[in-house]
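Subject: Structure handover

Hello,

Here is the structure for you to look through. My notes on it come after.

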Amino acid sequence: MNREDVLQHYRDSGALLEGHFLLTSGLHSPVYMQSARVLMFPERAEALCKALADRLRAKYGPKPVDLVCSPAMGGVVVGYELARQLGVPAIFTERVDGKFALRRGFDIPQDARVLMAEDVVTTGKSSRECIDCIEDHGGKVVAASCIVDRSDGEVDLGVPLFALCGFKVPSYAADALPPELQKIPAIKPGSRGLK
């Protein structure tokens with residue numbers, strides 16, 4: 001699966017949005033990747049995650065990890081389907097008092113090889129926070145993965161990042177918005193900060 005194949009899944013699902021968006025990172029962008037719209041179709045989730053699992057197996061062998069862990073909310077479906085493809089359990093982190101934590105009885109066996117799985121990576125902040133949580137619980141993060149890397153290879157998570165698609169989209173600080181975005185009210189479609 002190549003970049004255009006991935007973007008076509010987003011287009012066909014109505015998930016490649018244009019306008020003025022406030023990203024989870026706090027940056028503003030004229031484009032938003034609404035992965036939930038793609039992942040609501042099981043056959044699309046299966047195809048995308050199978051391609052990602054195949055890349056991981058090509059690099060690390062038939063059983064690359066022992067566990068997949070994702071940050072809630074965006075990474076939950078991707079993490080579950082990747083774990084299914086890899087034949088391992090899936091767990092997720094959730095924000096508790098602003099910090100990622102394991103809840104719901106989830107735990108990580110000491111020294112377990114873990115894949116951190118996201119839907120979209122932009123600045124890598126949520127991914128790094130999830131990786132820190134995994135390591136704080138005794139896991140060894142082998143790699144990170146995402147369907148779309150909005151940094152197109154620029155983000156550094158401290159572990160290898162496997163992305164199906166690099167898609168560089170401009171993003172701006174609130175005090176550096178271009179005139180065309182200043183004219184449009186910002187929409188915040190992400191899940192961070194929801195009550």
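Below are the source of the model, then notes on a helix, an arginine and some backbone angles.

This is a predicted model, in which local features need pLDDT of at least 70 and side-chain atom pairs count only at pLDDT 80 or more, while totals for chains, interfaces and linings use all residues. Residues are numbered from 1 along each chain as its sequence is written, and side-chain values use heavy atoms, with hydrogens and water left out.

Helix α1 covers residues 3–12, and its Val6, Leu7, His9 and Tyr10 are buried (buried means under 20% relative accessible area, exposed over 50%, partly exposed in between, with a 1.4 Å probe and protein chains only). These residues lie on the same side of α1, because they cover an arc of only 150° around the axis (the arc is that of the directions from the helix axis to the C-beta atoms). Helices (H or I, at least four residues) and strands (E, at least two) are DSSP runs, numbered from the N terminus. Just after α1, glycine 14 has a positive phi of about 70°.

Arginine 95 is in strand β4, residues 90–96, and is partly exposed at 28% relative accessible area. Its side chain comes to 3.2 Å from the backbone oxygen of glycine 98.

Aspartate 97, in the loop between β4 and β5, has a positive phi near 50° although the residue is not glycine. Aspartate 97 is exposed, with a relative accessible area of 82%.

The peptide bond from alanine 72 to methionine 73 is cis, with omega near 20°; methionine 73 sits in the loop between β3 and α4.

Regards

Definitions and conventions
Polar contact = N/O pair within 3.5 Å; in protein donor to acceptor, adjacent residues only side chain to side chain.
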